[in-house]
Amino acid sequence: MIRLTRYIVLLMLALAAFPALAQDEPADDEPPARPKVDYTLLPRQLRFSLDMSKPVAATMVKDRRGYELMADYHFRKDLYAVAEGGWGSVDYRYPDLSYASSNGFLRLGIDKNMLPRLSLTDWDMVFVGARYGMAFINRGAATYTTTDSLWGTTTGVMPAKTFTGHWIEVTGGMRVEIVRSLFVGWNIRGRFRMNHKAFSDLAPAYVAGYGKGDRKSTFDFNFYLGYALRWKKAGQRTAVTASPESVPLPAPQPQSTPVVSPDEAALDAIQTSDPVFAPDPAESVPEERQLSPATETPDVPPVPSSESEQ
Amino acid sequence: MALLAGTLCLLLPSCDAERDPCLQPVNVAVRLQFLQRAADTGNSFRDTALPNMLINPVDGPETYTIAGVKGATRYDIRLSPLSDVCRWYIQPDSSHPGRRDTLTFLYERRLHFISNACGYTYYYALGAVSTSGRVLGDTIHAIDSVVIADRDVNGQAGKVHVNVYFHKP
């Protein structure tokens, strides 16, 4: 299993390098100017992900199985609130030690995106994060045998036990939006158990959400497939709405080409093409008023404008 | 995705459901240290090397003889996990069969979980250790006295649990 873990981590790191290889070479030594993104125009995003690695691992390691789900919510410029949960079991059958154990778990934490956002539609991320985790473990009665070559063997039964495990973890990984709203990505995790005493009499060989129960620290990876839901924030400033005071009336233009910033164009693209990004009916602007501020000043009430959330 | 699936298929044979190996001693031992009075008077003692030691469990389930241990100043024995008492006899020199003693250990067993790879074992808390030459009908005592140095027998390395003081030959 250790060898498999090593291979898969190396594979994930290799995959992580592909987007970097795909970038165009800069024309000169000057770094390209990075477009400034107005975060107030970002829609809300709630993403649900399923860990695909655990079912695959369960087909190879017969005595244990686990399932993990993840939900993350973009709540601030580069921050995501994360909730993860799942369940699993182990059926440990050996001549000297035999028992079954199952558990559910919950992890809560945050992820911070380290990747600069290129546009309003850019939801790819490379992130680091932290979690607090807890598992609710139900271990059945265990049969054990001790062997001493001089004195002989002893057998006994350890009674069933229900207890809770707590740990903290650090994590990192990436997510890539391969088609609209559909993500793939991976996490690597280092976990550190906090309550060792609860695991002292018989730690389960596998605790879903944590790993090997008889280790004080564990390492794990996940491969996620996710789907994102997006919607507009309540009271969100739209790309076509501007304050009359902040936008002076322009001189009449001989040409009727509207002047739209890149971010506004991106948001328009989202609104017109993304079925999950439905504008709030209460805030929708009548069709005859959907004109560029560069060509006509709308007579809707001014909305306070903030440049960014931070 | 196709690349990942292919790689996992290639790795499939390398991921058997093998149990982790047990990489630590399972059975713990009581360490005896052999000492002798340094002089006819005074309370100073020195290690004594038993010339040709013979040491056996008295009432083990199987015949088990450890003989010909030369120059031993320390020796590890195992307590019985089947009961709370066990006996060993020590003969410092195998060429003097009448000069041997029995050590009797009284202790409390404590079941201890090592890991899922190693399973369970017993640790012990020594209650008393006594010596006698009468169990085997011996009349000449080689051992003067025994003293418990550390009651906890838990596999911790480097600890001496029982000091065995021999008469001067």
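This is a predicted model: local features need pLDDT of at least 70, side-chain atom pairs count only at pLDDT 80 or more; totals for chains, interfaces and linings use all residues.
Chain A contains three helices and 10 strands. Read from the N terminus, its elements follow the order α-β-α-β-β-β-β-β-β-β-β-β-α. Buried residues make up 28% of the 310 residues of chain A. Among the contacts in chain A with a separation of 6 or more, 68% are between residues 24 or more positions apart.

In chain B, strand β11 spans residues 162-166. Strand β1 (residues 30-37) runs parallel to β11(B) and is joined to it by five bridges; within this pairing, B:Gln36 has B:Phe166 as its bridge partner. Strand β9 (residues 143-148) of chain B is likewise joined to β11(B) by five bridges, but runs antiparallel, and here B:Val146 is partnered with B:Val164.

In soluble globular proteins, nonpolar side chains tend to be buried together. The largest nonpolar core has 25 residues, of which B:Val30, B:Leu32, B:Leu79, B:Phe105 and B:Val164 touch the most other members. At least two residues of this core come from each of β1, β3 (53-57), β6 (85-91), β7 (101-115), β8 (119-132) and β11 of chain B. Another core, of 19 residues, lies apart from it and includes A:Val90, A:Ala135, A:Ile137 and A:Ala203.

Beyond its neighbours within four places in sequence, B:Val164 is in contact with B:Leu32, B:Gln33, B:Phe34, B:Leu35, B:Ile143 and B:Val146.

Methods. Residues are numbered from 1 along each chain as its sequence is written. Chains are lettered from A and ligands numbered from 1 in the order in which they are written. A residue is buried if 20 or more other C-beta atoms lie within 10 Å of its own, exposed if 12 or fewer, and partly exposed in between; C-beta atoms are placed from the backbone. Helices (H or I, at least four residues) and strands (E, at least two) are DSSP runs, numbered from the N terminus. Two strands pair if DSSP finds at least two bridges between them. Two residues are in contact if their C-beta atoms, placed from the backbone, lie within 7 Å. A nonpolar core is a set of buried Ala, Val, Leu, Ile, Met, Phe, Trp, Tyr and Cys residues joined through C-beta atoms within 7 Å.
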